[in-house]
Amino acid sequence: MVVDMVSIALTNIGKIVTGDIENPLAEGDTIIVEDGKIREVGRGLNVEGCDQVYDCSGMTVTPGLIDSHAHIAIGDFTPRQLTINFIESEMHGGVTSMISAGEVHVPGRPRDAAGVKALAILNAKAFQRFRPGGVKVLGGALILEPGLTEKDFEEMAREGVRLIGEIGLGKVFKPEHGAAEMVRWARKYGIKSMMHTGGTSLAEVPVITAEDVLAVNP
Ligand SMILES: [Zn+2]
């Protein structure tokens, strides 16, 4: 994506939180951002020439939060909660990045290998092109279903899929289902995984024990 270089200055900041637990506060009252990256943090910096200047009126500036477990569907809509603009609403609470835990609430979501593969590729590509409210969404988290092959994982990785959604949403969640093998294939092609454990919020999702998690090794 080609974006014009834009410089943004935040001035008159009361407190700057870094997100680094070893060094939680930064000294300064000004942040200059260039081309989406922080270029300079300091006190009384020269902001002349910045395209946009925002006076923070003494407020605190923090890094954006990451929601690491969200069940997105298509676009900024979660059918299960009958909610539109939920991603944009999270942004108002400080969330600037969201990681899909599986697009399990897509109405009529496919339960076969070809279908879940298509769904993962579709969501990975759609959210590369769409930032609801400016939130960066890592979409396209594969739901494990029987019949997926190593070749499928290789193809999905090539098409931009970077995640296995919460293992346990599909029918494959124990080693005897092939779950450990699928996780190994995913790792081989740079795809990360997460796994459900314990009680569930959906009647159709089985209880997954700690032994299952250790055996699948997500
Ligand atoms: Zn979940």
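The model is predicted, so local features need pLDDT of at least 70 and side-chain atom pairs count only at pLDDT 80 or more, while totals for chains, interfaces and linings use all residues. Residues are numbered from 1 along each chain as its sequence is written, and side-chain values use heavy atoms, with hydrogens and water left out.

A pocket here is an open set of points on a 1 Å grid over the protein atoms alone, where a 1.4 Å probe fits, with protein on both sides within 12 Å along at least five of seven lines; lining residues have an atom within 4 Å of a point. Volume is the space filled by probe spheres set on the points, which are joined across faces, edges and corners. The largest pocket holds about 1,600 Å³. Among its 44 lining residues, Val-33, Gly-36, Thr-96, Arg-131 and Gly-134 sit closest to the centre. Strand E11 (95–100) gives the most to this lining, four residues; strands are DSSP runs of E, at least two residues, and helices are runs of H or I, at least four, numbered from the N terminus. Domain 1 (7–61) and domain 2 (65–216) each contribute at least three residues to the lining, with bounds from an automatic or database domain assignment.

The second largest pocket comes in at about 220 Å³. Of its 17 lining residues, His-69, His-71, His-105, Glu-166 and Ser-201 lie nearest the centre. Strand E8 (65–70) and helix H1 each supply at least two residues of that lining.

Back to the largest pocket for a moment: helix H2 is one of the elements supplying at least two of its lining residues. How far apart are the end C-alpha atoms of H2? They are 23 Å apart, which agrees with the 22 Å that the 16 residues (113–128) should span at 1.5 Å a residue; the expected span is 1.5 Å times one less than the number of residues. Buried residues of H2 include Val-116, Leu-119, Ile-121 and Phe-127, where buried means under 20% relative accessible area (1.4 Å probe, protein chains only). The buried residues of H2 pack against H1 (86–92), strand E12 (136–138), strand E13 (141–142) and helix H3 (150–158).

Finally, look at Phe-173, in the loop between strand E14 (163–167) and helix H4 (179–188). Phe-173 counts as buried because its relative accessibility is 11%. Leaving aside residues up to four places away in sequence, Phe-173 touches Ile-167, Met-195, Pro-206 and Val-216, among others; contact means heavy atoms within 4.5 Å.

Technical notes. Buried means under 20% relative accessible area, exposed over 50%, partly exposed in between (1.4 Å probe, protein chains only).
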